[in-house]
Amino acid sequence: MAEELLIIANPSVGPIAPMTLRQISAIYLLRMISWPDGSHIIPVNRELGSRARERFTTLVLREDNAALVDYWNKMHFQGKSPPVIQESEQAMLAFVRSVPGAVGYVSASTPVDGVEVLDHVP
């Protein structure tokens, strides 16, 4: 059985109501670009091939990696940057913890001190 994922955000986001997976998807598809306070959202993805990214892509974005690459290439030509990539759970956690507005995901077994947990993906 695959492990649950936690959707995490930088503490600058502050306590907000739990987000829906649809809202998380909108962030990663660059349709939602600001937090409720108006600050910029910085989505962070794991590297291609990681189990966490495969789960996140399938369950939250409901896409496959090839379709997402095409989508983000189109967004790039519209002047929008795809999510930042981090190569490990610890790198993801460190980036989200230290960059205001950042949002990412880690396995539920990862200690998540210093970040806000927005939701979980079963």
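Predicted model: local features only at pLDDT ≥ 70, side-chain atom pairs only at ≥ 80, totals over all residues.
## An aromatic cluster in the core

Let's start with a single side chain: Y28 is buried, with a relative accessible area of 0%.

How are Y28, F56 and Y105 linked? Ring pairs join them into a cluster. A pair of aromatic rings is described by the distance of the centres and the angle of the planes. There are three aromatic pairs in the model. In one of them, Y28 and Y105 are tilted, at 6.2 Å centre to centre with 55° between the planes. Y28 belongs to helix α1 (residues 21–28) and Y105 to strand β4, so this pair ties together parts that are 77 residues apart in sequence. F56 and Y105 form a stacked pair, because their ring centres are 4.1 Å apart and their planes lie at 5°. Here helix α2 contributes F56 and strand β4 contributes Y105, so the pair ties together parts that are 49 residues apart in sequence.

## The sheet

Strand β4 also takes its place in an open sheet of five strands, ordered β3-β2-β4-β1-β5 and with mixed pairing. At the edges are β3 (84–86) and β5 (116–121), each of which pairs on one side only. On average, and ignoring direction, neighbouring strands of this sheet are turned by 30° against each other.

A look at one pairing: strand β2 (residues 42–46) and strand β4 (residues 102–107) run in the parallel sense and are joined over two bridges. Which residue of β4 is the bridge partner of I42? The partner is A102. Helix α4 (residues 89–98) lies across β1 (5–9), β2, β3 and β4, and runs at about 150° to β4.

F56 brings us back to helix α2. The buried residues of α2 are A52, R53, R55, F56, T57, V60 and L61, a list that includes two arginines, R53 and R55.

Two packed helices are described by the angle between their axes and the distance between the axes. Helix α2 (residues 51–61) packs with helix α3 (residues 65–77) at an angle of about 75°, their axes being 11 Å apart. The two helices are therefore roughly perpendicular to each other. Which residues meet where α2 contacts α3? From α2 come R53, T57 and L61, and from α3 come N65, L68 and W72. By type, the residues of this contact divide into three nonpolar, two polar and one charged.

Most residues other than glycine have a negative phi, and most peptide bonds are trans. Is R62 buried or exposed? At 68% relative accessibility, R62 counts as exposed.

L30 has a phi near 65°, again a positive value in a residue other than glycine. This leucine lies in the loop between α1 and β2. L30 counts as buried, at 8% relative accessibility, whereas R62 is exposed.

Conventions
Residues numbered from 1 in each chain as written. Heavy atoms only, no water. Axes fitted to C-alpha atoms, helices over the stretch in contact; angles between N-to-C directions. Helix = DSSP H or I, 4+ residues; strand = E, 2+ residues; numbered from the N terminus. Parallel < 35°, antiparallel > 145°, perpendicular 65-115°, else oblique. Contact = heavy atoms within 4.5 Å. Nonpolar A, V, L, I, M, F, W, Y, C, P; charged D, E, K, R; others polar. Pairing = 2+ DSSP bridges. Buried < 20%, exposed > 50% of the residue type's maximum accessible area, 1.4 Å probe, protein only. Phe/Tyr/Trp six-rings, centres within 6.5 Å; stacked < 30°, edge-to-face > 60°.
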